[in-house]
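Biologist: Before we talk through this model, could you put the sequence and the structure on the screen?

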Amino acid sequence: MRPSPLAALAVMALLLSGCGSGASDESDQASPTSAPKAEWSDWIELDAPMAIMAATADYAVLSETGEPNLAVYDRSGKELWTLPEPQDFRPDLPSATIASNGESVFVVEQKALTAFDWSTGKQQWAFDFAEFGECVLPADVSLLTSRLTEAVGTGGTLVLNANAAESSYDRLPQSCFGEITSDFKDVDVLVGIDAKTGEKKWSQADNLNHKQLDAALSLDGRFVDRVVTNKLPIYLERTEIGTGKKKRARLMLDEWGYSFPDPVFMSDMGQDEFAIDLGGNGFVLTQVEKWTESVDDAKSFPPGDADPCEVDVSTSRSGIQYCLEAPNGEGDYRSKLVRGLAADGTPAPVTTPITDAPWTAAGPTNVPTDPETSGPGIFGIDPVAPRDGADPLIGLPGKDAPLQGINLASGEVEWTVPGEKGTYAEYTSYVPPTGEFVTSMGGEIVGIDATSGEETWREPAPFDGASPMSAQGPFVLVRSEDAGRSVLRTVEVTQ
């Protein structure tokens, strides 16, 4: 462990901000509990550039950048055990090969979905992909997760999707197809797995003659939505995760002159609205008027071409869902709150149609124009803070401020962080235990109170080129590709 020289000062600043001025009045004395105190650990050295893939209050899965090397670490930075190499690993992105809940880490291996105990690494169960039968290749099986988090749906059910690509057909037995199309076999395409036991709860079959163009969890995590075609018609299929029951809605877009590429990108926008990427033909919104058992009886109504705020919904780790279009080079943000949190902290119902106009706010003017280094990613890994009794806040760089707190529902700027003109905060992440945004700013790592916008601590970056930053739970990680190293720190909050 190599402590940061300003770690003690940072801790002291946090303690002072939590304790206030020290003055007391009758209301303070009547309070049954004191304000919580946040204590950050020293920076812990890691010998490679890494990223946080999943975390609980006590453990984190770290991946080595660009490599399928994953291991579980505790709060002291000690490596506890290594995970098996996942199938189709995508470095630096939440992947359909890794998921977790409070009890287990789930890994899609080459031939099985396996659950491991967080603390010991002991295998809890494994679901062998051979159970799909000879007409499904293990390499075509994936775990459906939220597109931007490791969420695995509701009711303790994991969903495996077996999508046979046409490139796989040459490696399947001829008996899977027969001599004519009508002889094609039915295969399980969706399987619901009990997250505690690994047992199959339900399965849904489809004919190999049908083709899945896209599949994803719904916005509320209760359904699997698929775009499926048997040449014509093309339809949406919605499967309830808890039961495996399905309903359909025909996509009328072909009648409106739209053609469907393969694959498409389908995004659930809430309120039975879906954005569908038609490749070079852009995006189109479609709204389901009626879900039915038979695709022939169902209809969906396309409201027409639209650009509904980047045509995709991001999900924060707290469960808040929003869209964000960030400036490339310079310009304004376009954003809106799609789904907030209820009073008990659970996701609220979706009440605002995505077709409603987003709000706009001024963005920074010196953003790199390289698509690889610009866009929402450089501004924030998870920049959304929930607030009790108030609309959530999103922390984004401003035109004349390195960071600004924007009401995610109204677009109103509630606070700004002063700083040198022309600089902006990078890779801002919300840290739930402290209620802070932690960000990289002008060669320093800075903590910002998400409620007030006041700086809580600041210290030099632990090495040159320290970015990007990732944060989950109590873990914050900063890395440098050039230096080939990372540092990790954790926070402890006590009363």
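**Cavities, a disulfide and a sheet**

Modeller: In this predicted model, the largest cavity has a volume of about 150 Å³.

Biologist: Which residues lie closest to the centre of the largest cavity, and which strands each supply at least two residues of its lining?

Modeller: Of the 16 lining residues, those closest to the centre are Ala162, Asn163, Ala164, Val189 and His210. By class, the lining divides into nine nonpolar, four polar and three charged residues. The strands that each supply at least two residues of this lining are β13, β14 (200-207), β15 (211-217) and β16 (223-229).

Biologist: Where in the chain do the two cysteines of the disulfide lie, and why is the disulfide left-handed?

Modeller: The structure holds one disulfide, formed by Cys135 and Cys176 with their sulfur atoms 2.1 Å apart. It links distant parts of the chain, 41 residues apart, with Cys135 in the loop between β10 (123-128) and β11 (141-143) and Cys176 in the loop between β12 (157-162) and β13 (186-194). The disulfide is left-handed because the torsion about the S-S bond is about -95°.

Biologist: Is Cys135 buried or exposed, and is Cys176 buried or exposed?

Modeller: Buried means a relative accessible area under 20%. Cys135, with a value of 7%, is therefore buried, and Cys176, with a value of 0%, is likewise buried.

Biologist: Which strands stand at the edges of the open sheet, and which residue in β31 stands opposite Leu403?

Modeller: The four strands run in the order β28-β29-β30-β31 with antiparallel pairing, and β28 (384-387) and β31 (413-417) are the edge strands, each with a single partner, so one side of each is left without a neighbour in the sheet. The twist averages 20° from one strand to the next. Strand β30 (residues 403-407) is joined to β31 by four bridges, and the residue standing opposite Leu403 is Val417.

Note on methods:
Residues are numbered from 1 along each chain as its sequence is written. This is a predicted model: local features need pLDDT of at least 70, side-chain atom pairs count only at pLDDT 80 or more; totals for chains, interfaces and linings use all residues. Side-chain values use heavy atoms; hydrogens and water are left out. Two strands pair if DSSP finds at least two bridges between them. Axes are lines fitted to C-alpha atoms, for helices over the stretch in contact, and angles run from 0 to 180 degrees between N-to-C directions. A disulfide is a pair of cysteine sulfur atoms within 2.5 Å. Buried means under 20% relative accessible area, exposed over 50%, partly exposed in between (1.4 Å probe, protein chains only). On a 1 Å grid over the protein atoms alone, a cavity is a set of points where a 1.4 Å probe fits but cannot get out, and a pocket is an open set with protein on both sides within 12 Å along at least five of seven lines; lining residues have an atom within 4 Å of a point. Grid points are joined across faces, edges and corners, and a volume is the space filled by probe spheres set on the points. Ala, Val, Leu, Ile, Met, Phe, Trp, Tyr, Cys and Pro count as nonpolar, Asp, Glu, Lys and Arg as charged, and the others, Gly among them, as polar.
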